[in-house]
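Visitor: I would like to learn how to read a structure feature by feature. Could we go through this one together?

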Amino acid sequence: MHSGARGVFVFSLRTLLKKHAESSPGTPERNGTEQLSCSDSDSDSDSDAEIEHEIFYRAAFVQAAVGIAQVDINGRWIDVNQRLCDTLGYEKEELLQTNFQALTHPDDLKYDLNMLQKVLSDEIKTYRLDKRFYTKQGKEIWISLAVSLVRDLEHKPKYFISIVEDITKRKKFEFELEESKRLREQLLRGRDLASEAGGISNWTWDIVSNDLIWDERMYEIYGVDEAEAGLDYNTWRERVHPDDLVTTEQKLKETIENFVPFSAEFRIFHKQNGEIRWVKAAADVVTENGKAIKMFGVNLDMTEERLTQIALEKEGHSARQASEAKSNFLATMSHEIRTPMNGVIGMIDLLRETKLNLDQKRMIGTIRESAFSLLEIINGILDFSKIESGKMELDLSPVSLLAIIERCVEGLWGHAVNQNVKVYIIPDFNTPAYLLLDPVRVRQIIVNILGNAIKFSQGRNKQGVVFVRTATLTSLENRFCIGIEVIDNGVGMTESQITKLFQPFTQADSSTTRKYGGTGLGLSITKSFVDLMNGYIDIESTPESGSAFNIVIPVNTDSVSEKEFSNVNLSGVNAFVALTDENLTKVVCNILEQMGCCYFKFDEFETVTSIGNYIDNSIDVVIVDRESTANKFMKVSDNHSSDWPRFLILNEQLASDRSEVRGNTYIASCQPLKPSEFVHALSVITDRNNPAYGLLQSTAQDFENSFTQYENDIEDFDSLILVAEDQPTNQDVIGQQLSRLGYHFEMANDGLEALEKWRTGRFGIVLTDCHMPNMDGWELTAEIRKEEQDHQLPKRTVVIAITANALVGEADHCLESGMDDYLSKPVELNKLRNKLALWIGRLSQEGDASSSQNISPEFLNAEVNHSAVTEYDVVNHPPIDYEQLKEILGTDEQDVINSILSSYQLCLDDYFSEVKNAIAHHDSEQLRQSSHAAKGASNSSGVGSLGMIFKELEILARDKNWDEISKIEPGLKQEIERVENYIKKEHFS
């Protein structure tokens, strides 16, 4: 650089430095740079001064506290000082390789270039602005930039001088200050708006002088004129609603005495229009020398909010009433429809037993299927209404999960077979034998999921297959879970279809209803049940490949019993599995493995003669699914050893509830294959059955043999059973029991009618209640014995008493009247079966029952149970003892139980009316008879709580203790209402 140029540069720099100190940001300077000129002669004469100037420039350039740069016209860095390098984080050589445009924030570049253009066009001399640069590390910083242009002697642009100062911290402070200012303004505006819109007002109370100071809004809220003089505490107190005054003043007193914040909500009367307004007040107390002297507070007008809340509560109440009305309507309609539907289905089943041609059978089948479909829809709607109204509750009891699953699969098996679908159960024997669950809801969950799996696996080119798998899952927090997985090979679903599954009245897509039917309620109800149990459902599905529903339900550890089949030891059993069904083979092998058995699989039946290479005397059982296959094995056994292993045949043709034992062969049904029955069959055929199994087997076999014999004997003697019973519920119960045991019988409504029927000579056994109108059981027996003697009848009729009396002397009374045996109500099915088997056996063996030696020794030596009915805790137990009812009926089928309870419920009101009338007229005999009849019906229906009350009334009636009787009557009425409500809710809602 020649000396003239350096002089111009130095002077420009000095000028710029001066301008940088004086000018303000963003202000163009048209006269900031003086026109510089210097002749060559001046340069020559002042060379020493120029050198001094250059030294000064260099010192200022290098040591400046701000960044300085020379920038060419195109924006490239020509020279930079160290301060600028430090600010931008570059080495000098790195920075000189780039330009200022590359480091400028995109939002600031356009304005910067525009200002440079103005300088170049001489519109302005210099400019200053705040802009953003990027450092080498990519960090955004704020700088203050001052720029001027250096021109040559011909006034052409030469380069720019830029002075850069890092102002990031200052900018951050400015931004924070601006933000604080903005927030403050917003808060102030918000406060003002809130005060105006929300009715907030300010007040001050001088506790010492009792004076009040209100702002304008306080006067508006209370309707007090601002010009009114003497505003004090009493002014406010007069406006407060009397019902709220005491509570509010008490809070004020606590604030003054304890120096705590005041908060209260109360109503006031507007002074001008008298309307009631809701006010929320809050305040702080000011103290002096340990005493409260002032309170500063606010009032918030809550009137609109409270009025809205009241309106919403009314609407909510109306909505709840509407929901309850809907639920009641659905429950009523469900019951009203279900009742005739039960009749329709019952008649259809009876019609199916008559002689029908093929077309008629097909039509009857269609009608029956449609009737059950309608019942399912009704039940689904009822369950949904219960869930929707929040009335669905769990009824937990110890149950076997495997037993529930087996019953569900058995119930749907017929439907599955019709749809060309096979169902297999793969159990996890690590699952406890009994779990605390709601059996009804668990069954509904499984039936819904399994029913869907069968439905969507039907009608395909390949065999439909559904697996029901159980699992025991570990969990935290002293809980573990059970898993139920239902897997099918059906049509599958897309992700979008899965999302719609659990919505009520919605199916996967619109074509589903047309093709498969259904209401779309099943899975919605299922998910609600699972949620109620704190469980969850997980779904995996692939279109055209099938779906897997995985249900997980937590179970409390204190409800856990021993593992399934822990009392069965099959360890070491060697089994040879030769099944044609590949899936059945998997299921059988899985069970064998879990039970500790060793097994071998054989699939090639065409080369059955080669099995001798694999089987020796160590094989305990051969498992096949065809008798022809067993015969092939038998032929092979003749060639090898006479001591051939036993056979377990899984027969597809055998009914699910039947099994047969033929020599060394056990034939069990695999339609479906129940794991529990398979384990039982395996334990029996391998002689591994434990005492429980042995007892079960012998008892069942003995009964089977004896029953067949006794049934034949009855036919030989041309005898029927005559039942004398006046109470409808008891008639229904004893009728169900005799039908289940396979006996033929006729029913008489009292002793007189029974005597007329007996005279026909068709009855060998009479079952009679002791207490009946017109002629009781003792009188009936006496008449029978008299006529037998008068007419010298060759056969003595066996008379068995059935009565609700469990008192000392009752057995003697029956014996003295000529009865042969005695059964106490409630009569359990097993006791009835054994008693009838005993007497029918004697009739067949002796042919003459005229001797008193035929009287049952158990009857002669009987010690009557003083408390035949269990003492019930009425408060803590449901009114119906289902276990007792099951023992009485010999079944837990819901239709049978519903029939009994329906009959019993119809009689309850009559019982109470008779008892109430007898009490009112002090008719002890009528009270005793009515109580006795009601006691028997109650005990036979499993309602022990009422049985106990009626029993006590019967005893008190005998003693004519009217004081105690009057005390029992209110409790009797209350318990009858509880029983009726329970039966209606649990069985007919």
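Visitor: Which residue in S7 is the bridge partner of threonine 204?
Guide: The partner in S7 is isoleucine 213. Helices (H or I, at least four residues) and strands (E, at least two) are DSSP runs, numbered from the N terminus. Two strands pair if DSSP finds at least two bridges between them. Here strand S6 (residues 201–206) and S7 run antiparallel and are joined by 3 bridges.

Visitor: What should I know about the model and the numbering?
Guide: This is a predicted model, where local features need pLDDT of at least 70 and side-chain atom pairs count only at pLDDT 80 or more, while totals for chains, interfaces and linings use all residues. Residues are numbered from 1 along each chain as its sequence is written, and side-chain values use heavy atoms, with hydrogens and water left out.

Visitor: What is the strand order of the open sheet that holds S6 and S7?
Guide: The order is S7-S6-S10-S9-S8, 5 strands with antiparallel pairing. Strand S7 (212–214) and strand S8 (262–269) are the edge strands, each pairing on one side only. On average, neighbouring strands in this sheet are turned by 25° against each other, direction ignored. Axes are lines fitted to C-alpha atoms, for helices over the stretch in contact, and angles run from 0 to 180 degrees between N-to-C directions.

Visitor: How many bridges join S6 to S10?
Guide: There are 6, and the two strands run antiparallel. One example is tryptophan 205, whose bridge partner in S10 is methionine 295. As a general idea, side chains in a regular strand alternate between the two faces of the sheet.

Visitor: What do S9 and S10 form?
Guide: They form a hairpin with 2 residues between them, and asparagine 289 in the turn has a positive phi of about 55°. The two strands run antiparallel and are joined by 10 bridges. Glutamate 288 has lysine 291 in S10 as its bridge partner.

Visitor: Which helix lies across S6, S8, S9 and S10?
Guide: That is helix H11 (residues 242–258), which runs at about 155° to S8. Strand S9 covers 276–288 and strand S10 covers 291–301. Lying across rests on contact, meaning heavy atoms within 4.5 Å.

Visitor: What is the order of the open sheet with parallel pairing?
Guide: Its 5 strands have the order S25-S24-S26-S27-S28. Strand S25 (745–748) and strand S28 (821–824) stand at the edges with a single partner strand each, so one side of each has no neighbour in the sheet. Neighbouring strands are turned by 20° against each other on average, direction ignored.

Visitor: Which residue in S27 stands opposite isoleucine 765?
Guide: Valine 798 does. Strand S26 (residues 763–769) and strand S27 (residues 798–803) pair in the parallel sense over 5 bridges. Helix H25 (residues 777–790) lies across S24, S26 and S27, at about 155° to S26. Helix H23 (residues 728–741) lies across strand S24 (720–724), S25, S26 and S27, at about 175° to S25.

Visitor: How are two packed helices described?
Guide: By the angle between their axes and the distance between the axes. Helix H19 (residues 582–594) and helix H21 (residues 675–685) pack at an angle of about 60°, with axes 11 Å apart. The contact is made by Val588, Ile591 and Leu592 of H19 and by Pro675, Phe678, Val679 and Leu682 of H21.

Visitor: Which residues have the most contacts inside the largest nonpolar core?
Guide: They are Val588, Ile623, Leu648, Leu650 and Phe678, in a core of 76 residues. A nonpolar core is a set of buried Ala, Val, Leu, Ile, Met, Phe, Trp, Tyr and Cys residues joined through side-chain atoms within 4.5 Å. Helix H14 (residues 401–418) gives the most to this core, with 9 residues.

Visitor: Is glutamate 980 buried or exposed?
Guide: Glutamate 980 is buried, because its relative accessible area is 16%. Buried means under 20% relative accessible area, exposed over 50%, and partly exposed in between (1.4 Å probe, protein chains only). Glutamate 980 is in helix H33 (residues 962–987). Leaving aside neighbours within four places in sequence, glutamate 980 is in contact with Gln905, Leu908 and Asp909.
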